[in-house]
Amino acid sequence: MSLPRPTLQALEQAARRIGLNLDDATLRAYDQILQATFADYDQVDALIDQPPVVRYPRTPGVQPEDNPLGAWYVRSEIDGRPDGPLAGKRVVLKDNICLAGVPMMNGAATLRGYVPDQDATVVTRILDAGGRIVGKAHCEYFCVSGSSHTSAAGVVRNPRNPDHSAGGSSSGVAALVGAGEADMAIGTDQGGSVRIPAAYSGIYGMKPTHGLVPYSGIMPIEMTLDHAGPMTANVADNALLLDVIAGSDGLDPRQQQLPPARPSYQAALGLPAKGLRIGVVSEGFGWHNSDPVVDEAVREAARRLAGLGTEVVELSIALHRQGHAIWTPIAVEGTTQQMKGYNYGTNWKGLYVTGLMQAQRHWRDHADEFPHDVKTCLLAGEYFHARYGGQYYGKAQNLARRLRQAYDQALAGVDLLLMPTVPMRAPRLIGGAAEPGVFVTRALEMNANTAPFDVTGHPAMSVPCALRDGLPVGMMLVGRYFDESTIYRAAHAFEQSFDWTAL
């Protein structure tokens, strides 16, 4: 069956969108020339795509009525192999991860009704390892917010105090793991979206080295910032889940830098912290919105690590203070351009989820429905990219190499960097009716320390280290490229030595 051919009027409109002004004779000539191109599109349309095979049976699941934290989107039970390293583990997925046959909305009203026809690579690996996927958890609208008030489905509540934010954008999975309704989860992180909700909700969130975990089958935001990683109630489960999901799948171009072999992350558990050298980054403290209680709690955690035999030193990385600024053009322009390509864009080889591209095709028709944080991000991205031809996106990507070098130079003298994950404890929730300035500030106020490591790709983990007035405090440990093992070594030693809820 042939695809509909464009009318001459439709061709003229397409020409004008790219700056071409064609007279009638030229337009008709071009229409004839393009018949061969249209015929090639007919052939591609007739060919059968080969998405990854869906191997484990499932049902669409149900949207639960009992959902006190507002965290569940769909509850389901999908059993993998009868045995394996994840046997008995309940795993929940952030709702930007494709799970075939199960609805996915990525926090956005525009995607309601979309049902993926394929599994993300991480889904297949979890099921192959014997895990039970128990459902999908709400996330923030298109994953733009670091707080939990922007989803089209409503707010997600903190498992420690339901009047407070659970963090974002992996809000639902953090709340469910924190509440004990799942053992482990997969979140995604482009500006801190694994680590922020982990810090707010009092769980362990690992953003691995960029590319270590395949992003295939997960709705992207910006390819150079996209990370997926484990979120768990303890360090051992975090290392276990990373062992399962890490490694090349041959479908994700983000994985070009993977080393030929990787260690078992579980092997790092139980190794003594003694002998590690940890650098407390002074620029990670004392932000304009830092809570002194958080800064002091994290410094006290560093002193506790020193008591376990680590050498803790204060160090300066001056460029860290500009890390968030370097991240901003990449995030706002990259996100806007990728969204204009229906969130997949072009010019890369790998797995395209064409059904999702189709579902996203008419997002502009609904842009007025977007929350303020998404609108302002898209507005800034469109303005700067059009006004300056993408030069500031390019300059920020160039500066990203300098930022990575600054961290690498520091990590040449220490094993880990340490700072607060976020400068504050979880704030009180606000609603969708908040005025724009408050709405956007609350969505983006907390990622000064997290966002730079999405730019550079270094592995970074939020470790709960204290409880203040019933709200968790997160300590972030940052390691060398592909050295997640050292992070787990230090995090596990801290966890086993101290009850953070009593600190």
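UniProt positions are given here in the numbering of this chain, with feature names shortened, and its annotations may be inferred rather than shown by experiment. With that said, the unreviewed UniProt entry lists residues 80-487 as "domain: Amidase". What you're looking at is a predicted model, where local features need pLDDT of at least 70 and side-chain atom pairs count only at pLDDT 80 or more, while totals for chains, interfaces and linings use all residues. Residues are numbered from 1 along each chain as its sequence is written, and side-chain values use heavy atoms, with hydrogens and water left out.

Okay, back to that span. Residues 80-487 are 33% helix and 14% strand, and their end C-alpha atoms sit 29 Å apart. Helices (H or I, at least four residues) and strands (E, at least two) are DSSP runs, numbered from the N terminus.

Now the domains, whose bounds come from an automatic or database domain assignment. We get domain 1 at 1-39 and domain 2 at 72-254 + 266-496, with 44 Å between their centres, taken over C-alpha atoms.

Let's go to the pockets. On a 1 Å grid over the protein atoms alone, a pocket is an open set of points with protein on both sides within 12 Å along at least five of seven lines, a cavity is a set where a 1.4 Å probe fits but cannot get out, and lining residues have an atom within 4 Å of a point. Points are joined across faces, edges and corners, and a volume is the space filled by probe spheres set on them.

The largest pocket comes out at about 1300 Å³. Both domain 1 and domain 2 give at least three residues to its lining. Of its 28 lining residues, Leu-3, Tyr-41, Tyr-342, Gln-358 and Arg-361 lie nearest the centre. Helices H1 (8-17), H3 (35-46) and H10 (354-360) each supply at least two. By class, that lining is 16 nonpolar, five polar and seven charged; Ala, Val, Leu, Ile, Met, Phe, Trp, Tyr, Cys and Pro count as nonpolar, Asp, Glu, Lys and Arg as charged, and the others, Gly among them, as polar.

The second largest pocket has about 430 Å³. Of its 26 lining residues, Val-144, Trp-327, Ala-331, Cys-377 and Leu-444 are closest to the centre. H9 gives the most to this lining, six residues, and the classes here are 14 nonpolar, 11 polar and one charged.

The largest has a volume of about 80 Å³, and its lining includes Val-144 and Cys-377. H11 (372-388) provides the largest share of that lining, three residues. No charged residues there: it's nine nonpolar and three polar. The second largest cavity holds about 60 Å³, and its lining does have two charged residues, alongside eight nonpolar and two polar.

Last stop, helix H4, residues 121-128. Seven of its eight residues are buried, buried being under 20% relative accessible area, exposed over 50% and partly exposed in between, with a 1.4 Å probe and protein chains only. Those buried residues pack against strands E1, E2, E3 and E4 and helix H7 (235-245). Just after H4, Gly-130 takes a positive phi of about 90°.

And in H7 itself we find Asn-238. Why does Asn-238 count as buried? Because its relative accessibility is 0%. Leaving out residues up to four places away in sequence, Asn-238 touches several others, including Tyr-204, Met-461 and Tyr-488, where contact means heavy atoms within 4.5 Å.
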